[in-house]
Every structure is written in C-alpha cells, then in structure tokens.
Amino acid sequence: MADVVDLRSDTLTRPTEEMRQAMARAEVGDDVYGEDPTVRALEERVAGLLGHEAALFTPTGSMANVLAVRTVVGVGQEVLCESSAHIARAELGAHAAYTGLTMRTWTADRGQIDLPAVRKLFAPDMGPFFVPTAAVAVENTHNFAGGAVLPLEDLQALRTWADEVGTRIHMDGARIWNAHVATGTPLASYGAVADVMAVCLSKGLGAPIGSLVVGSAEAIAESRVWRKRMGGGMRQVGILAAAGLHALDHHLERLADDHAHARLLAEACGVDPAEVDTNIVVVERSSAADAAALIAAAAAEGVRLAAAGPTTVRLVTHLGVSRDDAERAAALLARLV
Ligand SMILES: Cc1ncc(COP(=O)(O)O)c(C=O)c1O
C-alpha cells in the first residue's frame, strides 16, 4: 500500500530534518532559572508578534489555556464561552479542577461570537446569589466548528463592549496562525482584542511540543508561578523552543497550502469549499454507522480520518500532507462519499 495519508489531526506532524537540526543546535540553559536563551528568544518573539508584553512557554495548549484563563477568572467566578469551545469540551474539566471556576456558554453556528447572547449571559455582580462573570473566552480558529475564523470586526465589537462593561477577554489562539494566513489579518490585530491568549506551535506549525501564554508582564509572571506549581517547570527546554522558532521561520506562510488542500478535500466530500476557512473539514453523515463506515473504508485504502461526534467525520490538513497526498485522498473520498 502507498504511504498512509493521515488526516486525523494537525497534531500528527513529525519534525522535519531541518527542524531536528535546529533543535540539535539549540543553545540551552535551565529555564526554571530563566536561563534558557532559546526559550527566552521564543517567548519574546511570540509576545512581539501578538503585540503583548510577555509570553511563557508551556508543554501543551491545554496548560496554556488553564494558565491564561486563571489570570482573568478566579475561584468561584465564571468565564463565558461558546458551547463547543475547546476549554469547555476537551480540557477534561481542568479549569474547574485547578482554578475552581465555572463556565456558561452560548451556542452559535460555526462557533462564532454572539454578542447579544454574551450580553444576556453577562452577570458580573448579582450579589451573593449568582456566580460573577469575570471574562469571556473566544477560540480563533474554532476547532470543533471546522477551523472557522472569527472575523476581526466581531472580535473588535466584543472588545469595545468588554471595555465598556469592564470585563476581560481570553483568546484560545491554538490556531491563530491559520486565521492570520487565511485572512491576512496581522497577528497583532488579533492580539489587540485579547487581554490574554494561548497559542500553539504543535498544531499546523509542525513543532513536536510547545504552546505559549501571551499577555501582560504581570499575567505572565503569575503564570510562571502557576506553571511551576502544576509541574510544568521545564529545564533545558530550549531544544523544544528551537523547534518553535524554526516553525515560525519556515512553516507559517505554508499554512496557505494546508488551506488549499482542505478546500480540495471539502469539494471531494460534497462540502461547500466556501465554508472551509482554514485547514479543517467537517463532514456530516446521516448516521453513526455511516460515519464509522466512511472512516473504515478510507482507512482500508490508506487515508485516515477522525470521528468528531457521533455522525461527524473530521479531516485536517497539515505539514505532513503534500499536494499529492491531498489529491490522492480527494480522489478516494469522492468515490466513497
Ligand atoms: C483550539 C484548541 N485549543 C487548545 C488545544 C489544546 O492543545 P494541547 O493538545 O496541546 O493540549 C487544542 C488541541 O487540539 C485546540 O484545538
């Protein structure tokens, strides 16, 4: 059988030879002492790209989200988010377990911001009867909404409202790079609408590990303490930060290829390519059996797809999927779907 085309997730990439060389060459030190020059370079670079004061390297996006959200939401307070947000659905209750916060959600097509719904949910101070709202979290791009981009105008409207009412905004920007490349919106414009962010290098950018919390110097100093408390203080981790720096240098602009490949796959699956903003394609099947059958039939011919719900099949393009791979998978899917 020809090589497998693995479309289950953009976390499946393996470091390229050049990335491995950059990792091997990395200058390192003990990062818990603040002495790893490569980590510091990465933190400064990412903070600068997003127009924030500081950043903190973390092993995972989930940890970055927990650390970031806890800088704006405290014990017994709530964060509002869209109901299929990664922080609500896929972080296994970490925010409740570590921070002691609760969440209330709005539901919107394609994971978008519904400002009227947010305003309705917002309850910062209703006495000792209701959980006080401390922040709103948004996800850009939105994973379970098929990589949907949140338009900058909607984010800016949310920012304006948040400033009026005095609330804070967290952005889960695990795939903010995809939003930037897909729309041409400067990263700093996304950064400007958020008080604090989490971003990942380990998704489409192709680094093996690594995410960052991004925010004010104060938020990052606080996150540094909590990262250590959670067991996330890492030592000569410049080896991994070097992969992140290499990814930013060499794998950012090429995300446009992933987006083109995703549209090709969408077309083959009968999904309107205009609905595919970035690198994720969601295919709805008529039944769970149908979804499972599609995944099994594709796997039998060397194309791996993921289940993203009882009747939902998900395809994600990434650094490990070439144009040839995408065309081969598209031809197969056009036959199977
Ligand atoms: C939107 C979003 N946020 C956060 C994460 C968490 O990242 P990690 O798997 O590194 O914990 C993911 C992972 O897929 C994600 O899609």
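Visitor: Where is Asn-279 found?
Guide: Asn-279 lies in the loop between α12 (255-268) and β9 (280-284). Helices (H or I, at least four residues) and strands (E, at least two) are DSSP runs, numbered from the N terminus. This is a predicted model, in which local features need pLDDT of at least 70, side-chain atom pairs count only at pLDDT 80 or more, and totals for chains, interfaces and linings use all residues. Residues are numbered from 1 along each chain as its sequence is written, and side-chain values use heavy atoms, with hydrogens and water left out.

Visitor: Is Asn-279 buried or exposed?
Guide: Asn-279 counts as buried because its relative accessibility is 0%. Buried means under 20% relative accessible area, exposed over 50%, and partly exposed in between (1.4 Å probe, protein chains only).

Visitor: Which residues is Asn-279 in contact with?
Guide: Leaving aside neighbours within four places in sequence, the contacts of Asn-279 include Asp-10, Asn-178 and His-259. Contact means heavy atoms within 4.5 Å.

Visitor: On to helices: at what angle do α8 and α12 cross?
Guide: The axes of helix α8 (residues 176-183) and α12 cross at roughly 80° and come within 9 Å. Therefore α8 is roughly perpendicular to α12, a term for angles of 65 to 115 degrees. Axes are lines fitted to C-alpha atoms, for helices over the stretch in contact, and angles run from 0 to 180 degrees between N-to-C directions.

Visitor: Which residues make the contact?
Guide: Trp-177, Asn-178, Val-181 and Ala-182 of α8 meet Leu-255, Ala-256 and His-259 of α12.

Methods: Parallel < 35°, antiparallel > 145°, perpendicular 65-115°, else oblique.
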